[in-house]
Amino acid sequence: MMIIFTTGLLFKLEMLNVSLIGWVADLFSLAVFAAPLSELMMIVRTKSTESLSFSFALTCWLSAACWSVYGVLVGDVNILLPNALGFMLTCVQLSLFVLYPNKKKKNLLFL
């Protein structure tokens, strides 16, 4: 990130610099949304979502929904694209909680 930023400053490529940083941030954002799905095979095999955090998935879902609406309102693809994809990925995560509920009974205070 610093190399991109410094190169953009040195060569006065401000718009290219902003665009590159935006796309790099988009990739990291998608990685955050998709990371919990790395447990997908284990969840299907064990038929339990014990390895996933429901509160994290719900928070990501709400965040992605809000940022997607904002991206549409301001017309910014760097905001809309990763958050719309993140919204869909977190919908998959939340559906796993419906399909494969936790086998252990948890205290409701600690979702």
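Predicted model: local features only at pLDDT ≥ 70, side-chain atom pairs only at ≥ 80, totals over all residues.
Tutor: Local features need pLDDT of at least 70, side-chain atom pairs count only at pLDDT 80 or more, and totals for chains, interfaces and linings use all residues. Residues are numbered from 1 along each chain as its sequence is written, and side-chain values use heavy atoms, leaving out hydrogens and water.

Student: What makes the span of α4 agree with that of a helix?

Tutor: Helices are DSSP runs (H or I, at least four residues), numbered from the N terminus. The expected span is 1.5 Å times one less than the number of residues. For the 21 residues of α4 (residues 54-74) that gives 30 Å, and the end C-alpha atoms are 30 Å apart, so the two agree.

Student: Which residues of α4 are buried, and how do you know that they line one face?

Tutor: They are Ala-57, Cys-60, Ala-64, Ser-68 and Gly-71. Seen down the axis of α4, the buried residues fall within an arc of 65°, so they line one face; the arc is that of the directions from the helix axis to the C-beta atoms. Turned away from that side are the exposed Thr-59, Cys-66 and Leu-73.

Student: Why is Leu-81 called partly exposed?

Tutor: Leu-81, in helix α5, has 37% relative accessibility, so it falls between the two cut-offs and counts as partly exposed.

Notes
Buried < 20%, exposed > 50% of the residue type's maximum accessible area, 1.4 Å probe, protein only.
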